[in-house]
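I opened the model to look up one residue, then its surroundings, then the chain as a whole. My entries follow in that order.

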Amino acid sequence: MAAAAAPGALGTLRAGRARLAAACCARLGPGWRLPGFLRGPRVAPAMWARGWAPAAGGSAPRRGYSSDVKTEDELRVRYLEEENRGIVVLGINRAYAKNSFSKNLVKMLSKAVDALKSDKKVRTIIVRSEVPGVFCAGADLKERVKMNPSEVGPFVSKIRAVINEIADLPVPTIAAIDGLALGGGLELALACDIRVAASSAKMGLVETKLAIIPGGGGTQRLPRAIGVSLAKELIFSARVLDGQEAKAVGLISHVLEQNPEGDAAYRKALDLAREFLPQGPVAMRVAKLAINQGMEVDLVTGLAIEEACYAQVNSQGSVRARHLTGRTEDTEDSLRHVPRVAGAGPHGVRPHSASLRRQAMECCG
């Protein structure tokens, strides 16, 4: 067994967990419950490999993991099925390190995001924790202290890069914060389009306590989310907010009372993702592009960006026709006849119209 090969106490722990999981899986039957921390809602065998599915007689989702997921995986990527088809869940699973960013986790995240950004079947991505009470505790300081000084900068740069990659995903992303989200963990959540949290969750950029500053985008994304003055106050003080406080300052969109299973934020995120599924997939991607590009410039330039993006999905009705009839001919030709984005704002910002059209055309697939 691979877990048994790991050295020391960690190897013993992993081997014990693997044996326990194997014993439990061998006894699975209708309505059987896993013991202790592995226990979840009652799940029938036929639902086991489907991801989250509605419970009988109600709309509450129930957890069902595919049998090919190994317990030692630091990142679990699940493509949900049936009525949830199109929703992908990225589950961080480093319980022994509070889901902190390790070199391996960063590598796995980058690989997963690289695959997702080009997958046209993906409609919404949820980022969550597989560990109760923790979302992500930032960088793995135990691993970091063992690095040579020359390794620290590149490691932080890789964390920043993967967080930026998540921010640049073309489809809606939702961070489900059911526990601790500190430092890089909150920066990961800030990179998502929407954040939902349990009232018991704790969130904060606490780097100034360590005599450093946020290095994964926090100094830029937090002010954009809640305003400059309040962002400065929170970063200067290293203050930690609970779910209700985070909702009050606009850091999250929804706050929920935590449930006995510890996944209230995830369930809300799944409800939101289901709301997105019936909407036009091309429109969703181009709308995100227009919003993201427009927020970085003045209003006049932003409106020009919206006009150019609108033309991508409305030009001669070609994209709509393709969506309704499946016809693809002449789509690319019609998209070329898009008005160029003209004019610069008071700060001299002029979006690169050719680049913008190309990105929107990629969204139109």
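I started with Leu116 and listed its contacts (heavy atoms within 4.5 Å). Leaving aside neighbours within four places in sequence, Leu116 is in contact with Tyr79, Val88, Leu90, Val122, Ile125 and Leu169. I noted that this is a predicted model, in which local features need pLDDT of at least 70 and side-chain atom pairs count only at pLDDT 80 or more, while totals for chains, interfaces and linings use all residues. Residues are numbered from 1 along each chain as its sequence is written, and side-chain values use heavy atoms, with hydrogens and water left out.

Is Leu116 buried or exposed? I found Leu116 buried, with a relative accessible area of 3%; buried means under 20%, exposed over 50% and partly exposed in between, with a 1.4 Å probe and protein chains only. I also checked Val171, 55 residues from Leu116 along the chain, and the two C-alpha atoms are separated by 9.3 Å.

Leu116 is found in helix α2. Helices (H or I, at least four residues) and strands (E, at least two) are DSSP runs, numbered from the N terminus. I see helix α2 (residues 103–116) lying across β3, β4 and β5, at about 20 degrees to β3. Axes are lines fitted to C-alpha atoms, for helices over the stretch in contact, and angles run from 0 to 180 degrees between N-to-C directions.

Next I traced the sheet. It is open, has 6 strands in the order β3-β4-β5-β7-β9-β12, and its pairing is mixed; two strands pair if DSSP finds at least two bridges between them. β3 (75–79) and β12 (254–256) each have a single partner strand, so one side of each is left without a neighbour in the sheet. Neighbouring strands of this sheet are turned by 20 degrees against each other on average, direction ignored. Strands β4 (residues 87–92) and β5 (residues 124–129) run parallel and are joined by 6 bridges. I found Ile92 opposite Ser129 in β5.

Of its 49 residues, Phe135, Ile177, Met203, Leu222 and Leu251 touch the most other members. Helix α4 (residues 149–167) gives the largest share of this core, 8 residues. Apart from this core lies another, of 15 residues, including Leu80 and Tyr266.

Last, I recorded the chain totals. The chain has 14 helices and 12 strands, and 47% of its 365 residues count as buried.

How values were computed: A nonpolar core is a set of buried Ala, Val, Leu, Ile, Met, Phe, Trp, Tyr and Cys residues joined through side-chain atoms within 4.5 Å.
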